[in-house]
Amino acid sequence: MTDVVQSSPDLSLRRVPEIGSAPIGSAAEIRLAQLWESAPGWRGWLSTVDHKAIGLRYLVTAFIFLLMGGIEALIMRLQLARPDQVLLTPEQYSQLFTMHGVTMIFLYSLPILSGFSNYLWPLMLGSRDMAFPRLNALSYWIFLFAGIFLYASFPLGEAPNAGWFNYVPFAGLEYNTGPNIDVYALGMVLLGISTTVGSVNFVVTLFRMRAPGMSINRVPILVWGTLTASVANIFAIPSVSLAFFLLWLDRQIGTHFFDVVNGGKPLLWQHLFWMFGHPWVYAVVLPAMGIVSDALPTFCRRPLVGYSAVALSTMATMLLGFGVWIHHMFAAGLPTLALSFFGAASMVISIPSAVAVFAWIATIWLGRPVFNTPFLFFAGFVILFVIGGLSGVMTAAVPLDFQLNETYFVVAHLHYVLLGINVFPVVGGIYYWFPKFFGRMMNETLGKWSFWVMFIGFNLGFFPMHLAGLLGMPRRIYTYAPNMGWNAVNMVTSVGSFIFAAGILIFLVNILISLKRGALATPNPWDAPTLEWAVASPPPAYNFAVIPFVASRHPLWEGRLDEGGGRSSLEQGYLLMEGREAIGTTPLDAEPDIILKMPDDSYAPFFLGLFSALAFAGLLLHWRDFTVLMAVACSLSLMAWMWPRKALVQRVADSKYNKGAAHG
Amino acid sequence: MNDYRSRFRHFAAVECAFFSMILAAAPVNAALAENGVAPLNYFLHSYGPAATPTMYLGWIFVALLAVIFVIIALLLTGAVFRKRSAEDPCTIGREDEGMPWIYIGTGVSACILFALAIYALVTLNVIAKPTRAPALTLTVTGYDWWWKIEYEDDDPTRRFVTANEIHIPVGVPVLVKLKSADVIHAFWVPMLAGKTQMIPGLNNQQWLQADAEGIYRGQCTQYCGVQHAHMGFEVVAQNPAEFQKWQDAQRKSAAMVSTIDINAGKKLFLDRCSGCHTIRGTEAVGAHAPDLTHLKSRRLIAAGLLTNTSEHLVKWITHAQDIKPGARMPSMMLTATEISALSAFLSTLN
């Protein structure tokens, strides 16, 4: 612990944490539980900063948004099932497809992965919480309020209606006079705050909060995925927040960023949006690929083949992902030379994906799998991933994309990517970690039913969309004539989408039944290798009674893998129980570095989130005084948040309370 | 001029075989059986040098990627069904095995991708520009939700404007300059060329060429508002003589015959319609809507939505908002007498 000395200006603050064990029921364990548990009732509910509670909230909220986006999709599929239907007006259809996209892309696909990562990271990394627990709570609350903000416009018939990528000038004031686009613009800026603070938290957590010994080459792939996605978000979100902010200024203040008559550039919007949009596409799949890379090996009974290759390919995908945004704009009339570069880059980006695909197949091949529900979802995911990847290669070929762009082929491709690579791993992941979340197993019979119904419904629903695209069906048309040759494919798609929805319904029923009557789960029901399975199911508030020492990538398989090297120590470790404490370690080698004083529960994140959302609502409604009032309330919440407390002071003995500065 | 359906008939066998080979999907065959052919089906039909190389590219990509898919699917199926010996469900495999899978798999994928990328770039180069100078230049401007078409000529008196129906001579490259009057649209005649966005403030262009006479359907493919679905047009490729005849006819102003009925209709048009529509040779010079000088010469009205019969025309005038809700064309409140007068007048616009 020499590092503690080096990092502290005041030698008297040096403290070496006690090493020991704290079995369930011991005095130390009871004290830890008291320290970490939130208050009962609504107070604890509003003030908790426990990453597990926040993670579950993310999962549940995002899943509810998935269901809402799904219902929107089903309504659209009814409209499109046959030609010349009049179930929806064109305006209703516009709002539905826009909100379907906004919901699925922004309110479901990343938040659900944040839910997994929030819940699992500290458990996988052997930590007691995320680096900034209150920021974590804020991130959730703002996400929730931004979602409500966007959806509040729906019942009023004023929901965003220009497509999720919201091209100007159609989204400008001249062609879109209602509040619809202002809702979208402000909602996105608000949501951007949530994503940004969440990403910062993940990055710092990874580099600071791992258990001693968990060097960077021992972290699970999910952690790599979320880390990569978070770094990408930190760079990508400013682009989209800026774009929406400029659009809002154009619409409300009268600036001319996108306004052609006054020299604005519509193409600027496309660039800003896709500079964000493409990295985002990878941000919403890489953590999900991580879920598979971590959970698939459990059912294949062997470690993932090519850990380093997969981790590196994750990062390579993201790096390349920043250099391909033009492939969304191949039809925008850009110079051929530029198109060539971006087309070639878009092909190259498939190579890291190939690494992952062959790593998974090799893992299954060499491992000889056991057939549980999560395995089915992960194996199904691999095949959908391949289809989505191959159709992606087609759209990367510039001349072909001149045809495919903005047709149903792209719709098919993006659904194979987003459902195949996000929804299937997510549902599989819920089956896999459900026992950890709730202490009960999910029903296997219903689980297998839900997989097969979802898998068949998905392919029946979305594969024909490729054909609709090849037959020339454009995106975002609210109806079509009977002589276009699209009748059969659309009918099949509509039928398939309802079958898929039935599969989701079976999954939901399974959750409800299993919550009540599922078999009780042991700490490690799947015999999995990673740290989250070393703690009870569900985990105690403090996660780890003692901070473990980690000696390998697979702490719970060490005895059987016999890789040489030391053995992880899960029973003996730092006790750290003078208040809420965690250990900070060095970024690469995870050597113990510093004792971190973790913050208590607080209402401040909730109120800061609430007041921010209200301030944005004030901006939307042009209530100037109200907005100012809410901004003041935000400042007050921040002051309450930051208010210094003695409990956070690093101390050796009571007598030195007032002497040292807090650190950590 | 042949109707496009008859021209496509001999492709039916090829396309059925092709689709069942690569996609093995029943819906397509059913769709084709139902309607003959999809008028926007660029994947199996192309009629010019701006589109045909892309069509071949599409076939080769689909065929190759389908083979890759089958190989990977077989590997995965083989992997999934390798049985685990029942006596020891808990054995754990060693971590350091299996790397050849990644080396070989990724290596082969990278080579294929490299080849595909080169093929795509070569094709892009081939279709980027016509091999000879365009024989005809026209400007297409996207409006919510119709197309204005201007034929250029060095002699300003020989320029003319029409809407929603482009005529081109067969066998020569045509340069299409693309503009937008309001929001972003995209110009797409899939059987002749790929699509290009029409962005306000920018001058985009593309070229196309039809090697066979016929009618080719076009469609806006960039979401541009509530009636995006009904923003179609047609390209009519004609032999040079017919094209010349059409062009000469279009250059003329409307020939005004004068009978009582027609005069009443004309007056009505000037009162109610001329704010938006132009009829050359009359005082109607509105610029917000299609030029109707030679309305009766067009096959379709309402941007490709309805065939140009007098019943459809009347229905469109009186019920535009039911047929195309949100369109800029209002549903006109007209009495029966007014309707017949207006019809009589419009029917003279040959």
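Buried means under 20% relative accessible area, exposed over 50%, and partly exposed in between, with a 1.4 Å probe and protein chains only. The model is predicted, and local features need pLDDT of at least 70, side-chain atom pairs count only at pLDDT 80 or more, while totals for chains, interfaces and linings use all residues. Residues are numbered from 1 along each chain as its sequence is written, chains are lettered from A and ligands numbered from 1 in the order in which they are written, and side-chain values use heavy atoms, with hydrogens and water left out.

**Exercise 1. Salt bridges**

Task: Find which residue forms a salt bridge with R301(A), and classify R301(A) by burial.

Solution. 
Step 1. Apply the criterion: a side-chain nitrogen of Lys or Arg within 4 Å of a carboxyl oxygen of Asp or Glu. By this rule there are 21 salt bridges over all chains.
Step 2. The partner of R301(A) is D527(A), with 2.5 Å between the closest N and O atoms. The two are 226 residues apart: R301(A) sits in the loop between α10 and α11 of chain A, D527(A) in the loop between α18 (487-517) and β2 (547-549) of chain A. Helices (H or I, at least four residues) and strands (E, at least two) are DSSP runs, numbered from the N terminus.
Step 3. R301(A) is buried because its relative accessible area is 5%. D527(A) has 18% relative accessibility, so D527(A) also counts as buried.
Step 4. Compare E581(A) and K597(A), whose closest N and O atoms are 2.8 Å apart in a salt bridge.
Step 5. R302(A), R94(B), D96(B) and E97(B) belong to a network of salt bridges.

**Exercise 2. Cavities**

Task: State how many cavities of 30 Å³ or more the whole structure holds, and describe the lining of the largest cavity.

Solution. 
Step 1. On a 1 Å grid over the protein atoms alone, a cavity is a set of points where a 1.4 Å probe fits but cannot get out; lining residues have an atom within 4 Å of a point. The search finds eleven cavities of 30 Å³ or more.
Step 2. The largest has a volume of about 200 Å³. Its lining has 23 residues, and L110(A), S114(A), T195(A), F202(A) and N233(A) are the closest to its centre.
Step 3. Helix α5(A) contributes the most to this lining, seven residues. The lining comprises eleven nonpolar, twelve polar and no charged residues.
Step 4. The second largest cavity holds about 140 Å³. Among its 15 lining residues, D294(A), Y307(A), T530(A), R553(A) and H554(A) are the closest to the centre. Its lining divides into eight nonpolar, three polar and four charged residues.

**Exercise 3. A nonpolar patch**

Solution. 
Step 1. Patch residues have over 30% relative accessible area and no salt bridge, and nonpolar side chains (Val, Leu, Ile, Met, Phe, Trp, Tyr) are joined within 5 Å. F132(A), V200(A), V231(A), I234(A), F235(A) and F322(A) make a patch of about 470 Å².

Technical notes. Patches are made of residues with over 30% relative accessible area and no salt bridge: like charges are joined within 9 Å, nonpolar side chains (Val, Leu, Ile, Met, Phe, Trp, Tyr) within 5 Å. Accessible areas come from the Shrake-Rupley method with a 1.4 Å probe; for residues, only the protein chains shown count as cover. On a 1 Å grid over the protein atoms alone, a cavity is a set of points where a 1.4 Å probe fits but cannot get out, and a pocket is an open set with protein on both sides within 12 Å along at least five of seven lines; lining residues have an atom within 4 Å of a point. Grid points are joined across faces, edges and corners, and a volume is the space filled by probe spheres set on the points. Ala, Val, Leu, Ile, Met, Phe, Trp, Tyr, Cys and Pro count as nonpolar, Asp, Glu, Lys and Arg as charged, and the others, Gly among them, as polar.
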